[in-house]
Amino acid sequence: MDIQKKLLPKSHRKEHPRDESKLGFGDIYTDHIFKMDYYDGKWQNPRIEPFSPFQLSPAAMVLHYSQTIFEGLKCYRHPDGRLAMFRPSENLKRFNQSAQRMAIPLTDPVFLLDALKELLRIEGDWTPTHPGSSLYIRPTIIATEPHLGVRPSREYLLFILLAPVGPYYPEGFAPVKIYVESFYSRSAPGGLGAIKAGASYATSLLATDNAAKKGFTQLLWLDACHHRYVEEVGSMNICFVIENKIVTSNLTGTVLPGITRSSLITVAKDLGIEVQERPLEIGEVLEARSSGKLTEVFGTGTAAVISPVGLLSYNDEDLVIGDGGVGPITQKLYDELVGVQYGHKPDTRGWIEFVD
Ligand code: COI
């Protein structure tokens with residue numbers, strides 16, 4: 001499929017952010033967006049056009065039944081000036097897993113990777129270079145058919161928008177305070193926890209906001225059935241360092257198969273650090289902390305990459321992790337992963353996809 005292009009003249013394009021140290025996360029967008037429609041049983045009309053508000057029927061199914069999915073990945077500017085995406089094919093593969101679960105028609109990941117590169121060829125100069133910043137890529141699909149009966153939509157819009165971003169948390173790579181949530185649940189067996197559906201993030205909002213009012217950055221989610229097993233932290237996977245081994249929840253269907261999670265597991269093993277993917281009870285975490293075996297906790301996700309946890313609050317007790325700072329294993333993994341992403345360390349695993 002040919003991608004049609006309707007580009008803004010240079011004189012109509014926005015000024016780029018002047019201070020890249022103050023980008024925040026997700027408030028600034030580039031000049032152009034990729035779009036593609038689904039109707040008459042196929043994806044069609046791929047195009048790159050100026051970023052502008054959509055026209056959507058008030059009856060569009062996404063507005064009523066939340067039939068929508070998204071992905072998140074990043075593009076970095078390497079020291080030699082090249083634009084580099086981190087494992088984009090993995091995101092596009094997961095995009096289809098999300099689509100399948102949400103009864104959305106699948107897309108062609110090879111075509112979408114080409115489309116993404118085409119968009120980046122036009123918008124790549126928005127990629128910030130300040131340490132910790134990148135160009136965040138947000139592929140999304142929404143159900144656009146105007147219809148109020150509950151069934152999968154017959155029409156969709158796919159779009160990819162780009163946002164120059166800084167660190168996800170204002171703390172940056174500094175330890176965050178986490179509230180262990182023992183009432184609300186993020187995801188139940190058979191539900192949406194293993195995919196990126198807007199709805200699974202909507203379920204997190206109230207509890208996260210309650211925790212924020214108490215001064216916590218994010219929540220540690222426990223399993224929905226027993227509120228006993230650790231699952232995720234905020235919108236990230238979670239890792240515990242117990243007796244110098246990394247323990248992270250196994251992918252049971254209620255946990256997102258994070259691409260940063262899987263990359264970290266590989267990096268850790270390459271560095272000779274043992275990784276256990278298994279059910280982990282909150283009781284075991286508490287015990288390991290009391291006995292001094294638990295030394296580090298960190299979240300991993302695309303947006304924050306690695307976010308150290310300095311404190312867990314469970315049943316009104318504040319538990320400082322290690323010395324409350326960034327632990328040595330967290331730091332080592334962060335340096336290696338971020339080094340590859342930013343092109344300061346060699347990409348020996350074929351994870352970088354250049355936009356040539
Ligand atoms: C990630 O970091 O992987 C996320 O999903 C966060 C995003 C929803 C902002």
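Start by selecting arginine 186 and glutamate 232: their side chains meet in a salt bridge, 2.8 Å from N to O. Here a salt bridge is a side-chain nitrogen of Lys or Arg within 4 Å of a carboxyl oxygen of Asp or Glu, and by this rule the count comes to 20. Before you move on, note that this is a predicted model, where local features need pLDDT of at least 70, side-chain atom pairs count only at pLDDT 80 or more, and totals for chains, interfaces and linings use all residues. Residues are numbered from 1 along each chain as its sequence is written, and side-chain values use heavy atoms, with hydrogens and water left out.

Next, pick glutamate 15 and arginine 18. Their salt bridge has its closest N and O atoms 2.8 Å apart, and both residues are exposed (over 50% relative accessible area, 1.4 Å probe, protein chains only; buried means under 20%). Then go to glutamate 49 and arginine 47, another salt bridge, with 3.2 Å between the closest N and O atoms; both of these residues are buried.

Now over to the ligand. Select Phe25, Arg138, Tyr168, Lys196, Tyr201, Ser235, Gly301, Thr302 and Ala303 to show the residues around the ligand (a heavy atom within 4 Å). By class, this shell has 4 nonpolar, 3 polar and 2 charged residues, with Ala, Phe and Tyr among the nonpolar types, Lys and Arg among the charged ones, and Gly counted as polar.

Zoom in on the ligand's oxygen atoms. One is 2.6 Å from a side-chain N or O atom of lysine 196. For backbone N or O atoms, look at alanine 303, 2.7 Å from a ligand oxygen, and at threonine 302, where the distance to a ligand oxygen is 3.1 Å. Taken alone, the ligand exposes 290 Å², and the protein buries 90% of that (Shrake-Rupley method, 1.4 Å probe).

Note on methods:
A polar contact is a pair of N or O atoms within 3.5 Å; within protein, one must be able to donate a hydrogen and the other to accept it, and residues adjacent in sequence count only if both atoms are side-chain atoms.
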